[in-house]
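Please keep the sequence and the structure in view while working through them.

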Amino acid sequence: MALNTARLERAQLVASELATVSTSNVTRVGPAYACVTYYKMDISFKRTPHKWTIAKRYSEFFALRRTLKSLMHRAKKQPSDKVALPLKLLDDAISKAFPRRHFRADNEAIIAERRAALEAFVQLLVKIMSSFPPDFDRDTRAGLLKDLHGLLKLFLAFPEEQLHLDAKRTLAILALEDVVVAASSDEASTTASVVSEDCCSICLCDWHDAECATMHVVKLPCNHVFHEECVLDWLNGSAECPLCRSEPPPR
């Protein structure tokens, strides 16, 4: 289980890097002396069909960051042997530079500064949202993680479809089982945990190719076998087996 947990954490970090956040529009509403600026951002994942948009004022970002800093302060008062990945990423996110408040109407320079910084901030928030383990509600800091998950889901308007895909991908990763590559057909026929296939069905490289010699080999519950790196990359876009299209059973 420890191996699968470490594998899941690595995969979650890679998956979160596939998120794209871009500011598609900046809209100023109201008279010049009391103008309010909305930053409209498009959020998507490179290998999934899910794409959505949020539109927020600077004050909303500022208030959320203040709430997140308070939550992180609570977390640091509850020491734990193992810090959950979302809390690690949160600590990193709130330590980044953030555009300061101005007590004058937004001008082009202020908007340009905020646009870039807020876009980077949302990118970090999406990364945190993609890092929650499936059993985070059973963590020793379950209350903190639930609060964090709820805050980000609401603020980012995170779609249920993407959360569902993340959950299925997580199940598939946790279900992966390490196996041994057969050195010969005789070995494959006598050892249950040994792989008899000639190559990985994703990259089509032979198990014994020099460049693949150090790569881990794993199998899904359907018994189809792949390089760990190859199947983790595949699972970033689909939770189905690349060959038979079966999905992992619920835990």
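**Exercise 1: the largest cavity**

By class, the lining of the largest cavity holds three nonpolar, four polar and three charged residues. Here Ala, Val, Leu, Ile, Met, Phe, Trp, Tyr, Cys and Pro count as nonpolar, Asp, Glu, Lys and Arg as charged, and the others, Gly among them, as polar. The model is predicted: local features need pLDDT of at least 70, side-chain atom pairs count only at pLDDT 80 or more, and totals for chains, interfaces and linings use all residues. Residues are numbered from 1 along each chain as its sequence is written, and side-chain values use heavy atoms, with hydrogens and water left out.

Task: State which residues line the largest cavity and which helix gives the most to its lining.

Solution. 

Step 1. Rolling a probe the size of a water molecule over the atoms shows where empty space is left. On a 1 Å grid over the protein atoms alone, a cavity is a set of points where a 1.4 Å probe fits but cannot get out, and a pocket is an open set with protein on both sides within 12 Å along at least five of seven lines; lining residues have an atom within 4 Å of a point.

Step 2. The structure holds one cavity of 30 Å³ or more. The volume of the largest cavity is about 70 Å³, a volume being the space filled by probe spheres set on the points, which are joined across faces, edges and corners.

Step 3. The lining consists of A15, L18, F45, R47, T48, S130, Q162, D166, R169 and N236. Helix α6 (residues 160-175) contributes the most, with three residues. Helices (H or I, at least four residues) and strands (E, at least two) are DSSP runs, numbered from the N terminus.

**Exercise 2: the second largest pocket**

Task: Determine which element gives the largest share of the lining of the second largest pocket.

Solution. 

Step 1. The volume of this second largest pocket is about 290 Å³. Its lining has 15 residues, and Y58, S59, H102, D106 and R114 lie nearest its centre.

Step 2. The elements that give two or more residues to this lining are β2 (36-45) and α2 (58-76). The largest share, five residues, comes from α2.

Step 3. Sorted by class, the lining of the second largest pocket has six nonpolar, three polar and six charged residues.

**Exercise 3: the open sheet**

Task: Give the order of the strands in the open sheet and name the edge strands.

Solution. 

Step 1. Three strands form the open sheet in the order β1-β2-β3, with antiparallel pairing. Two strands pair if DSSP finds at least two bridges between them. The edge strands are β1 (19-29) and β3 (51-57), since each of them pairs on one side only. From one strand to the next, the twist averages 20 degrees.

Step 2. Between β1 and β2 there are 10 bridges in the antiparallel sense. N25 stands opposite K40 in β2, and T27 has Y38 in β2 as its bridge partner.

Step 3. β2 and β3 run antiparallel and are joined by seven bridges. A hairpin of five residues joins β2 to β3.

Step 4. Helix α2 lies across β2 and β3, at about 95 degrees to β3. Axes are lines fitted to C-alpha atoms, for helices over the stretch in contact, and angles run from 0 to 180 degrees between N-to-C directions.

Definitions and conventions:
Contact = heavy atoms within 4.5 Å.
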